[in-house]
Every structure is written in C-alpha cells, then in structure tokens.
Amino acid sequence: MRNRSALTILTIAASLCFSCNQKTSKEKEKSSAAITKTETQKTTSDLIFEKGKKTSAEKFVGNVYMNLLVPEDSIYTTKSGSVTFEAGSRTNWHYHPSGQILMVTNGVGFHQIEGQPKEVIKKGDVVKVPKNVKHWHGASVEEDMTHVFVIPNVEMGGSKWFDPVTDEEFKN
C-alpha cells in the first residue's frame, strides 16, 4: 500500500512536469546556456502551485518560498512540496536519509552533489539524489527556479542540514 501511494504521488508530479515541459522542436535545440530570462522567468500567477511561505534563513540563502503539498505522515510515508527560489537563492548543504527527488517546474537553477561539478537544472528536469548524499540546489544567478520535491520513506529520518553554500561555491 505504501509503495502504491508513493508511486501515485510521483506519477502525478511527473505528469505535471511533463505537461509543463511541452516544447517545439526549435525550442528543444536550444542549449540550457542559451535560454534567456524572458523565456523561462514566470510570474507567481504562472506557477503550478501557490508560492507558499518564506523559509527559514537557517537552512537557506536568499529568498526561498515553500508550499508543503503532502505533509509527512505514517500512511503515505512521503513528504512533498513546491519550492520557489528567487534568483541567487539556494539551500544550505544537506542530505536526506531516504534520498530526494526534485522535479523542476519553472526556471533555471543549479544542483550540486558534494565533490562533483555543479549542474544546471531547468524546467522539465528530474534529479534523483541518493540517500545520505550531501548536496544543495537553488536558482541560477539571474533567474528564479521552482521545483517539486519528494522525500520518500520519511520514517528513515529527517533532513540533515549543514553550512550555507558560500557565494564562491555558488558562482563557481
């Protein structure tokens, strides 16, 4: 039952990402470096879910907003929400004992696993972060980014938070 419920949540979230990522063949040819702010920047009214409430400055750098969509409980054992990062904002370094799935629904941002190069993530991308792997994610320098997160098997424990991502780490 738990796996079926989690699979249903993931299927719905993936469908949302797929439907918001329909592109023409000309758009598909553009590289992520060539995407301009006017092509990806959306207003709050264009977001799939409401922007939510501003998050804690203890775990995030900059202006970050979270809308908790699926609170953790003992039935679904999954936590999910939509997070909007304003340009230049990001999470602190952290990890999840059960891993994390990120589905970008708007904009362009970054994701980095400790010890690996920073990756560009954009609308339609899905990132699977393995359990207990230290990482960070957030908006790009000039653009907002919104993603849906899914944390499965919350009974394995909550996220572990570390130091903020420095401006140097963020920009390199």
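Arg90 lies over the face of Phe170, 4.4 Å from the ring centre, and Lys118 also has its charged end over the ring of Phe170, at 5.7 Å from the centre. A charge counts as sitting over a ring if NZ of Lys or CZ of Arg is within 6 Å of the ring centre and within 35 degrees of the ring normal. This is a predicted model, in which local features need pLDDT of at least 70 and side-chain atom pairs count only at pLDDT 80 or more, while totals for chains, interfaces and linings use all residues. Residues are numbered from 1 along each chain as its sequence is written, and side-chain values use heavy atoms, with hydrogens and water left out.

The whole structure holds 4 aromatic pairs; rings of Phe, Tyr and Trp (its six-membered ring) pair if their centres lie within 6.5 Å, with planes under 30 degrees apart counted as stacked, over 60 as edge-to-face and the rest as tilted. Two of the pairs are set out here.

| Pair | Centre distance | Plane angle | Class |
|---|---|---|---|
| Phe110 and Phe170 | 5.6 Å | 75° | edge-to-face |
| Trp136 and Phe170 | 5.8 Å | 50° | tilted |

Phe110 belongs to strand E7 (residues 100–113) and Phe170 to helix H4 (residues 167–171), 60 residues apart. Trp136, in strand E10 (residues 135–139), is 34 residues from Phe170. Helices (H or I, at least four residues) and strands (E, at least two) are DSSP runs, numbered from the N terminus. Ring pairs join Phe110, Trp136 and Phe170 into a cluster. Phe110 and Phe170 are both buried, as is Trp136; buried means under 20% relative accessible area, exposed over 50% and partly exposed in between, using a 1.4 Å probe and protein chains only.

What about the nonpolar cores? A nonpolar core is a set of buried Ala, Val, Leu, Ile, Met, Phe, Trp, Tyr and Cys residues joined through side-chain atoms within 4.5 Å. The largest has 16 residues, and among those with the most contacts inside it are Val64, Phe85, Ile121 and Met145. Strand E4 (78–85), E7, strand E9 (126–129) and strand E11 (145–152) each provide at least two of its residues. Leaving aside neighbours within four places in sequence, Ile121 is in contact (heavy atoms within 4.5 Å) with residues including Val104, Phe110, Val127 and Met145.
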